[in-house]
Amino acid sequence: MINFLTEAEILRPKLINIRRELHQNPEVGNNEFKTAELIEKFLSEIGIKFKRVINTGIIAKLNGKLPGKNLALRSDIDALPINEENDINFKSKNPGVMHACGHDVHMTSLLGAAMLLKNHVNELKGTVTFIFQPDEEGNGGAERMIKAGCLEDVNLIFGAHVSPELPAGHVGFKYGKFYAASEVYKINIFGKSCHIAKKSEGIDALLTGAELVREILNMNNENVLISVGKFHSGTAVNIVPGLAELAGSIRVFGVENRKKICDELISRVNKTANKFNAKPEIILTEGYPGIINDDKMTKLAENSARELLGNDRVHVLKNSTMMSEDFGSYLLRIPGSFYHFGAGCDLPLHSNKFLPVDDAFITAAALHAKIIFNANK
């Protein structure tokens, strides 16, 4: 039996160099040109064929010598508009941009898995598709990668995210609903401005908006997260505001529930606006569909992790997360599973000092490879 963890340890020096080069050159969504060039350089060194799509996305394929399924592994590649505050020798070279969500570790893990699988190409069944996806943090690069053909002939897909909630070397699996579906809303409240001395002649959009904020926040419960991230109104201290602008996001589990909550939001907006004789405009922008893991594929991944790491380092996660991730777009098309691996860093994601340890990508690379082999047994 192949010990992918031992083999990943042998690759540690090379993977560390890859991670550091990627970490030093972060780029925000749809601008990952240097990142894509680095990935292509590393793939060329491994001897794996690839093609560039949607400007900065990459689809690479490794054909095994034996017949089998076509399986896919995915990594996101974009960074965040955050200024890094870590005191390290591989700190971001791009001021105001850093890999604060661990995508440098995701890319390194996927490249490590590619190396491990290439070393066993004679024993490898089927084809492995490596998806390096841009713009996960922004407008959802997954859908555009799918339209570019990344899932063509693919039977199953797996992906992972580094987690500060797990120790380095540990992994976590969630059956069923894992990440929340998301929606972004913008609400414009149109009132009627007037002098504050003759307030009765106007319609106070700010007051209407304030009442609406309370109505929106009252929708929150253990299954729904709805925020008000922006609220702007007023131009002068002696004018009743004629316009109020609100915006925020909705997180809920399941696309069906997302529609239900959006309908409830629309109802509350209209009711509140009518109460003050204001006129509302509601703009809803559909976000990510959420992640609902396939039970069979999650069990396969969990069993692979137990074989690789032992039971004490494998966790079945009880709670879903209100975070969103566009990996769910792939799972709407084909079965698969998305799992977590420990960061060894207890700072939160998107912190300006978030920095997973090297063991994180060693574990993930080995597990990716193990899952691929087990899925084609």
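The structure is a predicted model, in which local features need pLDDT of at least 70 and side-chain atom pairs count only at pLDDT 80 or more, while totals for chains, interfaces and linings use all residues. Residues are numbered from 1 along each chain as its sequence is written, and side-chain values use heavy atoms, with hydrogens and water left out. The protein holds 10 helices and 17 strands; helices (H or I, at least four residues) and strands (E, at least two) are DSSP runs, numbered from the N terminus.

**Overall build**

- The C-alpha trace of the protein spans about 85 × 40 × 40 Å along its principal axes.
- Of the 377 residues, 55% count as buried; buried means under 20% relative accessible area, exposed means over 50%, and partly exposed lies in between, with a 1.4 Å probe and protein chains only.
- Among contacts between residues at least 6 apart in sequence, 80% join residues at least 24 apart, where contact means heavy atoms within 4.5 Å.

**The cavity**

- Rolling a probe the size of a water molecule over the atoms shows where empty space is left.
- On a 1 Å grid over the protein atoms alone, a cavity is a set of points where a 1.4 Å probe fits but cannot get out, and a pocket is an open set with protein on both sides within 12 Å along at least five of seven lines; lining residues have an atom within 4 Å of a point.
- Grid points are joined across faces, edges and corners, and a volume is the space filled by probe spheres set on the points.
- A search of the whole structure finds 1 cavity of 30 Å³ or more, and the largest cavity has a volume of about 50 Å³.
- Its lining consists of R74, S75, H106, S109, A160, F341, A364 and H368, and the elements that give two or more residues to this lining are β3 (66-76), α4 (103-118) and α10 (358-375).
- By class, the cavity lining has 3 nonpolar, 4 polar and 1 charged residues; Ala, Val, Leu, Ile, Met, Phe, Trp, Tyr, Cys and Pro count as nonpolar, Asp, Glu, Lys and Arg as charged, and the others, Gly among them, as polar.

- The largest pocket holds about 610 Å³ of space.
- It is lined by 31 residues, of which E136, G138, S182, Y288 and S324 lie nearest its centre.
- Two or more residues of this lining come from each of α5 (141-147), β8 (181-190), β13 (243-252), α7 (255-275) and β14 (279-286).
- The lining of the largest pocket divides into 10 nonpolar, 12 polar and 9 charged residues.
- The second largest pocket holds about 260 Å³ of space, and of the 13 residues that line this pocket, S163, E165, T321, M323 and H340 are the closest to its centre.
- The lining of the second largest pocket divides into 7 nonpolar, 5 polar and 1 charged residues.

- H161 lies in strand β5 (residues 156-163) and counts as buried because its relative accessibility is 4%.
- Leaving aside neighbours within four places in sequence, H161 is in contact with C101, H103, H106, Y179, E325, F338, Y339, H340, F341 and L349.
- Helix α10 has 18 residues and reaches 26 Å from its first C-alpha to its last, close to the 26 Å expected at 1.5 Å a residue; the expected span is 1.5 Å times one less than the number of residues.
- Helix α10 is mostly covered, with 17 of its 18 residues buried.

**The loop between β17 and α10**

- N352 is placed in the loop between β17 (336-342) and α10, and counts as partly exposed because its relative accessibility is 32%.
- N352 and V97 are 255 residues apart in sequence, yet 9.6 Å apart in space, C-alpha to C-alpha.
- Not counting residues up to four places away in sequence, N352 touches I82, N83, E84, E85, N86 and M98.
- H350 also lies in the loop between β17 and α10; its phi is near 75 degrees, a positive value in a residue other than glycine.
- H350 is partly exposed, with a relative accessible area of 38%.

**Features towards the start of the chain**

- N30 is found in the loop between α2 (12-24) and α3 (33-46), and its phi is near 70 degrees, a positive value in a residue other than glycine.
- Strands β1 (residues 49-53) and β2 (residues 57-63) pair in the antiparallel sense over 5 bridges; two strands pair if DSSP finds at least two bridges between them.
- K51 stands opposite I59 in β2.
- The hairpin of β1 and β2 has 3 residues between the strands, and in this hairpin I54 takes a positive phi near 35 degrees.
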